[in-house]
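This report covers selected local features of one protein model. The sequence and the structure come first, and the notes follow.

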Amino acid sequence: VVDFLEKGCSVEEFEEFAKSFRKLGADAEVCEIRNLRYKDGSLYSPSGNKIDAIYRRAVTCDIMDHKNEVGDFLQADKDRNVCLVGSFCTHIIHDKIIFKILHMDRTHEFLTEDEIEYVKLHIPYTSRLTASEIDIDSVKENKDKWLIKPEDSYGAKGVFAGINFGKHIWEKVIDDHVDKHYMIQEFCMPYRTYNIDFNKEVNIFEKYSNLTGMYIYNGKFAGFYSRQSNHEIISTQYDETDIASAVLKHKS
């Protein structure tokens, strides 16, 4: 299991994955991606173990930012001498440009009517933040309708929602990020539910924004990852919290 371990990643979480792999008979390690060594057609961990497969937690944009530091890892992958669980092909769906592509007429030419309707109902309208693709003046005038985000990042870094800014500050935010590899996306207010705020002695029930991830492994539903926040943007850099989720099934 590899990542840039200074990135604030959850090594504890990685160790849980490693434990699961060990239970299945794999000799699993959590490694700093920079410390892998490639020699004679084989990739080795810092402890000297030959690596057959990697669970890649290091995201592509971080790898590209540090590509000169991870040459051994990259060469082993280029030579196809290590199997990546999380190949670089997965970056196609990770890059935010996919949301823009889904709304393009060229894409709709090969989608069915039901698929096109699904995109319109469930994928927020997205475009590049450039004067050639979007009416910048309209974006400034209708700030509550939009948010902007980097084309290729993660963890809600660099995300600005118009609803959080006054008109003049929002105009400056837009001017500062036009033609800077940013996307503009229709803002969707998160669904809010009550939960308990243990920091209060009275009126302890507060409304929280929800973000629910549904996970599929081997084609089967495997569980939820549920997050909440007092704000519209749900991220650890603000006030995100993880909450327990349960799956209820009717007895037959």
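## Positive phi values

In which loop does Asp40 lie? In this predicted model, Asp40 is in the loop between β3 (37-39) and β4 (42-44). The phi of Asp40 is near 50 degrees, a positive value in a residue other than glycine. Asp40 counts as exposed because its relative accessibility is 73%, the cut-off being over 50%.

Asn218 is not a glycine either, and has a positive phi of about 55 degrees. The loop that holds Asn218 runs between β13 (205-217) and β14 (220-229). With 81% relative accessibility, Asn218 counts as exposed. As background, most residues other than glycine have a negative phi.

## Nonpolar surface patch

Met214, Ile216, Phe221, Phe224 and Val247 form a nonpolar patch on the surface, and together they have about 490 Å² of accessible area. Two or more residues of the patch come from each of β13 and β14. Phe224 is placed in strand β14 and counts as partly exposed, at 33% relative accessibility.

## Second largest pocket

The volume of the second largest pocket is about 560 Å³. Its lining has 21 residues, and Val1, Phe21, Ala28, Ala53 and Ile54 lie nearest the centre. The elements giving two or more residues to this lining are α1 (11-23), β5 (50-51) and β6 (53-55). By residue class, the lining of the second largest pocket has 14 nonpolar, three polar and four charged residues.

## Salt bridges

The structure holds 14 salt bridges. One of them joins the side chains of Arg34 and Glu6, at 2.9 Å from N to O. This pair links distant parts of the chain, 28 residues apart: Arg34 is in the loop between β2 (31-32) and β3, and Glu6 is in the loop between β1 (2-3) and α1. Glu6 is partly exposed, at 47% relative accessibility. The side chains of Glu13 and Arg57 also meet in a salt bridge, at 2.8 Å from N to O. Here helix α1 supplies Glu13, while Arg57 sits 44 residues away in the loop between β6 and α2 (60-65). Glu13 is partly exposed at 32%, and Arg57 is partly exposed at 25%.

A further salt bridge, between Lys167 and Glu141, spans 3.8 Å from N to O. Lys167 lies in helix α9 (residues 167-177) and Glu141 in helix α8 (residues 136-141), so the pair ties together parts that are 26 residues apart in sequence. Lys167 is partly exposed at 38%, whereas Glu141 is exposed at 54%. Salt bridges with shared partners also join Glu6, Glu32, Arg34 and Glu69 into one network.

Technical notes
Residues are numbered from 1 along each chain as its sequence is written. This is a predicted model: local features need pLDDT of at least 70, side-chain atom pairs count only at pLDDT 80 or more; totals for chains, interfaces and linings use all residues. Side-chain values use heavy atoms; hydrogens and water are left out. On a 1 Å grid over the protein atoms alone, a cavity is a set of points where a 1.4 Å probe fits but cannot get out, and a pocket is an open set with protein on both sides within 12 Å along at least five of seven lines; lining residues have an atom within 4 Å of a point. Grid points are joined across faces, edges and corners, and a volume is the space filled by probe spheres set on the points. Helices (H or I, at least four residues) and strands (E, at least two) are DSSP runs, numbered from the N terminus. Ala, Val, Leu, Ile, Met, Phe, Trp, Tyr, Cys and Pro count as nonpolar, Asp, Glu, Lys and Arg as charged, and the others, Gly among them, as polar. Buried means under 20% relative accessible area, exposed over 50%, partly exposed in between (1.4 Å probe, protein chains only). Patches are made of residues with over 30% relative accessible area and no salt bridge: like charges are joined within 9 Å, nonpolar side chains (Val, Leu, Ile, Met, Phe, Trp, Tyr) within 5 Å. Accessible areas come from the Shrake-Rupley method with a 1.4 Å probe; for residues, only the protein chains shown count as cover. A salt bridge is a side-chain nitrogen of Lys or Arg within 4 Å of a carboxyl oxygen of Asp or Glu.
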